[in-house]
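Me: Hi, could you walk me through this structure step by step? I'm new to reading these.
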Amino acid sequence: MLLIHCPYCAEDRPEVEFTYGGEAHIARPLDPSTLTDVEWEGYLYLRKNTRGDHAERWRHMHGCARYFNAVRNTVTDRIEVTYKAGEARPPEHVAGDAA
Amino acid sequence: MSGYRLSTGGRIDRSQPLGFTFDGANYQGFAGDTLASALVASGVTLFGRSFKYHRPRGLLGTGVEEPNALVTVDRGPGRITPNLRAPQVALHEGLVTKSQNRWPSLKFDVVSINDRLGALFPAGFYNKTFMWPRSAWEKLYEPVIRHLAGLGESPTTRDPDHYDATYAHCEVLVVGAGMAGIEAALAAAQSGGRVILIDEQDEVGGGALSDPAQWSALETLKAQLAAAGNITVLTRTTAFGYFHQNFVGAAQRLTDHLAPARAHGPREKLWRIRAGEVVLAQGAIERPLVFNGNDVPGVMLASGARTLALRYGVAVGRSAVVMAAHDSGWHDALALAGVGVPITAIVDIRTDVPGELVEAVRAAGIAVHLGCAITAVAGRHAVKGVTFASGGIGPAQTIACDAVLMAGGWTPSVHLWSHAKGSLVWNEAWGAYLPGRAVENCRAVGAGAGDWSFGSGVITSVLPSAVPVRSQKAFVDYQNDVKARDIHLAVQEGMRSIEHIKRYTTNGMATDQGKTSNLNGLQIASSALGRPVTEIGLTTFRPPYTPQTFGALMGHHKDALFQPVRKSVIDDWATARGAVFENVANWRRARYFPTGGEDMDAAVARECAAVRQSVGMFDASTLGKIEVVGPDAAEFLNRMYTNPWKALQPGRCRYGLLLREDGFIVDDGVSARLADDRFHLTTTTGGAARVLGMMEDYLQTEWSDLNVWLTSTTEQWAVIAVQGPRARDVIAPLVEGIDLGAEAFPHMAIREGTIAGVPTRLFRVSFTGELGFEINVPASEGRKVWEAIYAAGQPCAITPYGTETMHVLRAEKGFIIVGQDTDGTMTPYDMGLDWAVGKKKPDFVGKRSLARPEMSREGRKQFIGLLTENPQDLLEEGAQVVTDPNAPIPVPMIGHVTSSYHSATLGRSIALAVIADGRARIGQTIYVPMPGKVIRAQVTAPMFYDAEGSRLNG
């Protein structure tokens, strides 16, 4: 079971307190009506499925209930860093194939 | 092998005899024995039958690696545990055990014919031999094979034991309490932190327990462990899995070693341990040698024979031959001879053995045959002798003996290290993988890390022989009956990776997970492929290290504690009234209230009639409720729901429809505007948490500029639905501060006041089609208000009704239940709910998806009603609908029945369904094929009662 650092509570808490929320940094288009069907399909369904560092959303469901972001390595399953919703992905944890 | 008890020695207590049974026969051992040591001491050689060929098998080792001697322990009704390793079953008075996988008896097993038919069961035989005809696979081959091959039988009755569980935290966790582990724990304790030391055996000491020379040192260390004060020692505890961030699962066996009369309390305890640092001191397991006849009972590991003699005071036989490829076999031979176990000869594949060992062994009167290999073993149920030859191919020589002790070198136990994703490095000298780089904060020490000096050896695959491998009964994996020839065959048939070879041959599978076979299998594959071991790969070790009971993993999470049962404040009242309950999304809900011996149909018919003709009351407390508060509350709901909310006046209600972003219906419910900045939302019973989570997601991550607060209030309100033409008459005397008049308080309105003196949010809404109210009161007052309404309703014969009646009444009106009439692929238009979609709104969740061509194409399923031609025919929910029941199979299916009930109001059955282009088919006849008959039904609008809605406005 992972220990996850909630950036709002500023504590390491066990994984059972959290729920997973899918890939991070996918903003809902401000005006969906201006998107083509193909663009809308991309927003709805197409995800990166990264091998390596992957930015993703978690929610501290049984804690503060806030959504936040984490960079998790999908090969080692290790969470490298967590940060608050709305913050940019830390540049030292860039996306890419795991070495 | 004809074992016997030595007159002295060992850690057993000869003053405490213990009686036990094996396959119904009575035996005696001593306190401190295991089942295996006591049986060998009693002269037993035959412990079980092998998995596939039903070959007679004896004891191979004395520890966790044992693949052959698997037994079933019977501790009484429901307490039957199969597949336990005999050397790890502690003896107690009255222990009842039996062998496995034999019929009718262990000595005479008719299925051992499989052994003679071995050609039928080569590697991959499942995929080859029994492929044709296909129909015979399910009916004939598989059941027969399943019956004939296998391990112990699963228990069939409920396990009456209970199991405990705990969390633990420590600075240092040490797994394995051999000398290295004990020393690591003592060193770690110096720093003052919490230390946990785990060992799977009955006492600490590990390998030192088989070496009397170390016993006094061990006692000193045990005293230090006890004195340290910050070391928790857990024996009979198996660390079975090593997970992320030093999280280790361990199962502690609390009572299995005790006679049933003394076994009180939980049987096992699951420890979930989070450690700052983990020290793995798991030790090493001796490797068998692969030669013709290496599975005849009496052929065992030299280290096992040593443990039997020095720890348990048991001689394995009266004349043993050692087959060695490693110095440790010579040390074991000397140790055994030293306590009076007769060793006849040592055969060693090596020509170069340290001179002092050869001299010492010869001085002990043991014959030495260097550069030789055993090529055959005489005997079927027990070893009678061996044939060996120089280099395996020289002139054959024979020795009469009753035991063969194999010393093939050592395999460090790296299982937990691998669970934690530590790297493994091939060590040529050990002929084994050793721990390399750690990923977690973890170290390996002792023999498990290659830190061990018990001489050296050579790495072998199959011992040399003049007989080709394909003609040898040379076993690699005893438990799965994998022979060296099976691995050769797998390579010959194109397998290149060890992962493929493993799956094709089953080498390394089953309960022992290759503890004795993995490395031998790898060596054989390597030599067959002519490539180094490191290029073939290593199969991945995964938890559990040893099989664990379901009981320990489940702990207290069973029966009432399996899932929490949520009860409304009316539950006790309903129970006292004899209600029949059903579970809905963890809630326990009254399904119907039978009186006078009614069945469900009779009760529901009576309850429905009461609501339609007079008045009924229903506990709707389980509805999900969310309080939405803030200056942007209306804007937020406008974006979430399909409906427009901004123009809704305070005091009014609206039916809200919620889509996912993909445009499909996910929830619905009636919500009320209490003030400009305050809404009382309701959701489906099962959808409450999901809807709140979805709303929080949008609010926190997409529209964080909106000033809105969401609070779950599901448990705060008790909700009493009073429905029927007399509903107003019943509540009127109880209500204060609200004008209940039809014009002052119209349908789909909310008012605040009191009822029975309790503050209420009173909704005028209806899920029945009748005049109705849903009375929200603080949950703490719910029971009181419920009883006040029930009392006030007596003149109108007010009738409590349950979820079944609620379902029938709403179906008569065609009101949908999300999740029953919809399935996650239905749009508002599909369900005839496009009136609830605010088409002028610029955006709402799901709006863009509704504009996709797919969402409005012809042929989509639409929500309609069905009336069977025979009014007494009741359709089955989920039944498929067709247009031509005589069409050739497969008959095209156009949809399915989603809801179906007998309607007492209408005196006939009614059904709701979703079928392709349903609204265009209204008036047509469709067919529902059922076993033995085809039911004809007419497509109707999904509305069976009071289509104009006049009853609502009474």
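Me: What radius of gyration does chain B have, and what would a compact globule of 954 residues have?
Reply: Before the numbers, please keep in mind that this is a predicted model. Chain B has a radius of gyration of 37 Å, whereas a compact globule of 954 residues would have one near 30 Å. Along the principal axes, the C-alpha atoms of chain B fill a box of roughly 115 × 70 × 60 Å.

Me: OK, and how many helices and strands are in chain B?
Reply: Chain B contains 22 helices and 51 strands. Buried residues account for 50% of its 954 residues, and among the contacts in chain B between residues at least 6 apart in sequence, 67% join residues that are at least 24 apart.

Me: Which domains is chain B divided into?
Reply: The assignment for chain B gives domain 1 (4–119), domain 2 (162–282 + 410–454), domain 3 (468–549), domain 4 (569–622 + 716–801), domain 5 (625–712) and domain 6 (817–839 + 859–952). To give you a sense of the spacing, the C-alpha centres of domain 3 of chain B and domain 4 of chain B are 68 Å apart.

Me: Let's zoom in on a helix. How many residues of α11 in chain B are buried?
Reply: Helix α11(B), which covers residues 484–492, is mostly covered, with 8 of its 9 residues buried. The buried ones are B:Ala484, B:Arg485, B:Asp486, B:Ile487, B:His488, B:Leu489, B:Ala490 and B:Val491.

Me: What covers those buried residues of α11(B)?
Reply: The cover includes the strands β29 (475–477) and β30 (482–483) together with the helices α12 (498–505) and α13 (518–529), which belong to chain B.

Me: And which residue with a positive phi follows α11(B)?
Reply: That is B:Gly494, which follows α11(B) and has a positive phi near 110°.

Me: Switching to strands: which way do β41 and β42 of chain B run, parallel or antiparallel?
Reply: Strand β41(B), residues 735–736, and strand β42(B), residues 749–755, run antiparallel and are joined by 2 bridges.

Me: How many bridges pair β42(B) with β43?
Reply: β42(B) pairs with β43(B), residues 758–764, over 7 bridges in the antiparallel sense, and here you can find B:Arg751 standing opposite B:Leu762 in β43(B).

Me: How many residues sit between β42(B) and β43(B)?
Reply: There are 2 residues between these strands, which form a hairpin, and in the turn B:Ala756 has a positive phi of about 55°.

Definitions and conventions
Residues are numbered from 1 along each chain as its sequence is written. Chains are lettered from A and ligands numbered from 1 in the order in which they are written. This is a predicted model: local features need pLDDT of at least 70, side-chain atom pairs count only at pLDDT 80 or more; totals for chains, interfaces and linings use all residues. Helices (H or I, at least four residues) and strands (E, at least two) are DSSP runs, numbered from the N terminus. The radius of gyration is taken over C-alpha atoms; the globule rule is 2.2 Å times the number of residues to the power 0.38. A residue is buried if 20 or more other C-beta atoms lie within 10 Å of its own, exposed if 12 or fewer, and partly exposed in between; C-beta atoms are placed from the backbone. Two residues are in contact if their C-beta atoms, placed from the backbone, lie within 7 Å. Two strands pair if DSSP finds at least two bridges between them. Domain bounds come from an automatic or database domain assignment.
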